[in-house]
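Good morning, and thank you for coming.

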Amino acid sequence: MAEFSSASTLPTPPESQTRLHFGKLQHGCEHYKRRCKIRAPCCNQIFSCRHCHNDAMGSLSDPKERHELVRRDVKQVICSICDTEQEAAKVCANCGVNMGEYYCEICKFYDDNTEKGQFHCDECGICRVGGRDNFFHCPTCGSCYSVNLQGNHPCVENSMKSFCPVCYEYLFDSIKGTTIMTCGHTMHMDCFYEMAEQNQYRCPICSKTVFDMSRSWEHLDQEVCSTSYQIFVDENCWSLHMIIDDQILGFFANFRGIFIFVLVIAYLFVMADPMYEGN
Ligand SMILES: [Zn+2]
Ligand SMILES: [Zn+2]
Ligand SMILES: [Zn+2]
Ligand SMILES: [Zn+2]
Ligand SMILES: [Zn+2]
Ligand SMILES: [Zn+2]
Ligand SMILES: [Zn+2]
Ligand SMILES: [Zn+2]
């Protein structure tokens, strides 16, 4: 293999350091920024990423031809800078660039955008995003969850190894954020909010109400925040919280206004009264 022998002509260390970052974030597909393409071991075709493969192969007209790529089986990649096909590795054996700033040897996963905080979870067996320190692995649910759910979520056997009841995508390795409802069932966060926007407040799997409207205000206040456990983003729960708070505040503000108005009228009436008596 000529590509491998030419690795000996690599530049000296300082230069090779800058070489590593050459073309960073300038290549890839709609799913990932990376500097290599993968040769799918299943159909021997070249794709930008696993999702590009699955999108193309999942929409084939012949159902027997449709298939998904097993990420760990990827052996060969093609450098996007020098077009050299080679064994999967972080650095291109021919031109010396990082084919991905983040590279997972187990998943054969490349991503130039390290701001996502990628990490490999051994128990999940896949790479996840969001920073290793922000997650723990729940062995019962069979997935990584945000640390603020530790000892604080409905634990359902393999609850993440299921399909979103709204869009039917497999949740465990979905690239979209997922939410756990109070019943323990799971769905995409986006699908959950879409459902709530259409005033659907029942879990599509078990029909359990997501919001219990019969409870008192203070209770509802807590209920809303515990309804959707945020796995990836925390802001949405806060905004729901704010809506409720504003309503309560508005109610009390109005009530106080009316109360003061009544007091002022009563005061004027009492003050005015003796004047009439005097005349
Ligand atoms: Zn394939
Ligand atoms: Zn892609
Ligand atoms: Zn290369
Ligand atoms: Zn990995
Ligand atoms: Zn995990
Ligand atoms: Zn759990
Ligand atoms: Zn969904
Ligand atoms: Zn449910």
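Let me begin with a definition: pLDDT is the predictor's confidence in each residue, on a scale from 0 to 100. It matters here, as what you see is a predicted model. The average pLDDT of the protein is 77, and 70% of the residues score at least 70.

Two stretches call for caution. Over residues 268-279 pLDDT stays under 50, and the model has zero contacts there beyond four places in sequence. Residues 212-252 also stay under 50, yet for these the model has 38 contacts beyond four places in sequence. Where pLDDT is low, the predicted coordinates should not be read in detail.

Now to the overall content. The protein has six helices and 13 strands. Of its 279 residues, 21% are buried. Among contacts between residues at least 6 apart in sequence, 39% join residues at least 24 apart.

I turn to the sheet. Four strands make up an open sheet with antiparallel pairing, in the order β2-β1-β3-β4. The edges are taken by β2, residues 46-47, and β4, residues 85-87; each has a single partner strand, so one side of each is left without a neighbour in the sheet. Strand β3, residues 76-79, runs antiparallel to β4 and is joined to it by three bridges. Within that pairing, Val 77 has Gln 86 of β4 as its bridge partner.

The loop between β3 and β4 holds Asp 83. The phi of Asp 83 is positive, near 65°, in a residue other than glycine. For context, most residues other than glycine have a negative phi. Is Asp 83 buried or exposed? Asp 83 is exposed, because 11 other C-beta atoms lie within 10 Å, and the cut-off for exposure is 12 or fewer.

Asn 199 has a positive phi of about 60° although it is not a glycine. Asn 199 is exposed as well, with 6 other C-beta atoms within 10 Å.

What lies at the centre of the contacts in the largest nonpolar core? That core has 19 residues, and those with the most contacts inside it are Ile 38, Met 99 and Tyr 110. The elements giving it two or more residues are β1 (36-39), β3, β5 (102-104) and β6 (109-111). Leaving aside residues up to four places away in sequence, Ile 38 touches Phe 47, Cys 49, Val 74 and Val 77. Another core, of five residues, lies apart from this one; among its members are Cys 141, Cys 144, Tyr 145 and Met 160.

Next, the hairpin of β9 and β10. Strands β9, residues 135-138, and β10, residues 143-146, pair in the antiparallel sense over four bridges. Cys 138 has Ser 143 of β10 as its bridge partner. Four residues lie between the two strands, and in this hairpin Gly 142 takes a positive phi near 75°.

Thank you; I am glad to take questions.

Key
Residues numbered from 1 in each chain as written. Chains lettered and ligands numbered in written order. Predicted model: local features only at pLDDT ≥ 70, side-chain atom pairs only at ≥ 80, totals over all residues. Pairing = 2+ DSSP bridges. Core = buried A, V, L, I, M, F, W, Y, C linked by C-beta atoms within 7 Å. Buried ≥ 20, exposed ≤ 12 C-beta atoms within 10 Å, placed from the backbone. Contact = placed C-beta atoms within 7 Å.
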